Amino acid sequence: MGLQVSPLTKIICLSGVLALGFLLIILSCALFHNYYPLFDVLVFLLAPLPNALFGRSDGFSSHGEFLNESGRNGEDFGHFMTGILVSSGVLLPVVFHHARLINYESALMTLSGGLIIYLCIVVFTWFFNGSLESEDDNLFGY
């Protein structure tokens, strides 16, 4: 008897938050006349791709056993590459600020906008993953 949220409502909410992330990055470029923060958008948009490509295994590997690593190499590589891209996306504005290519406010706006974009992509894939049942949708805690 939980709160049911329609898929259309989920898409509308996620698109609004995603637009906020893009707005922060575009404003950090336009307000400070520097377009280096756009590289951060590219990195955060590419970050979920390794998980999508190498994704879940087809069920032949056992996920319950800790020492059995057969068949999980592709999935582990996808997680590793996603971690590298997310770390690069977080640290890219810091490096640009340290190299004095962008100022402090632009780095903060770029970092927060990039994290919002990445989290929207992750939440979107979590919402619309076909393997989740309707009972697992606990966004609002009901």
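Is R100 buried or exposed? R100 is exposed, with a relative accessible area of 76%, where exposed means over 50% relative accessible area, buried under 20% and partly exposed in between, for a 1.4 Å probe and protein chains only. The structure is a predicted model, in which local features need pLDDT of at least 70 and side-chain atom pairs count only at pLDDT 80 or more, whereas totals for chains, interfaces and linings use all residues. Residues are numbered from 1 along each chain as its sequence is written, and side-chain values use heavy atoms, with hydrogens and water left out.

R100 lies in the loop between α4 (73–98) and α5, the helices being DSSP runs of H or I with at least four residues, numbered from the N terminus. Although R100 is not a glycine, its phi is positive, at about 60°. A positive phi is also found at H33, a residue other than glycine, where the value is near 50°. H33 belongs to the loop between α1 (7–31) and α2 and is exposed, with a relative accessible area of 69%.

Axes are here lines fitted to C-alpha atoms, for helices over the stretch in contact, and angles run from 0 to 180 degrees between N-to-C directions. On the α1 side the contact, defined by heavy atoms within 4.5 Å, involves F22, I25 and C29, and on the α2 side L38, V41 and L45. These residues divide into six nonpolar, no polar and no charged, with Ala, Val, Leu, Ile, Met, Phe, Trp, Tyr, Cys and Pro counted as nonpolar, Asp, Glu, Lys and Arg as charged, and the others, Gly among them, as polar.

Helix α2 (residues 38–46) also packs with helix α5 (residues 104–127), at an angle of about 20° and with the axes 9 Å apart, which makes α2 roughly parallel to α5. In this pairing D40, F44 and L45 of α2 meet T110, G114, L115, I117, Y118 and I121 of α5, and the contact residues comprise six nonpolar, two polar and one charged.

Beyond α2, A47 is placed in the loop between α2 and α3 (49–54) and is buried, with a relative accessible area of 0%. Leaving aside neighbours within four places in sequence, A47 is in contact with T82, L85, V86 and Y118. A47 and G89, 42 residues apart in sequence, are 8.4 Å apart in space, C-alpha to C-alpha. T82, in helix α4, is likewise buried, with a relative accessible area of 5%, and touches A47, P50, N51 and Y118 when residues up to four places away in sequence are not counted.

With regard to cysteines, C29 is buried, with a relative accessible area of 1%, whereas C13 is partly exposed, at 49%. The structure holds zero disulfides, a disulfide being a pair of cysteine sulfur atoms within 2.5 Å.

Methods
Helices (H or I, at least four residues) and strands (E, at least two) are DSSP runs, numbered from the N terminus. Angles under 35 degrees count as roughly parallel, over 145 as roughly antiparallel, 65 to 115 as roughly perpendicular and the rest as oblique.
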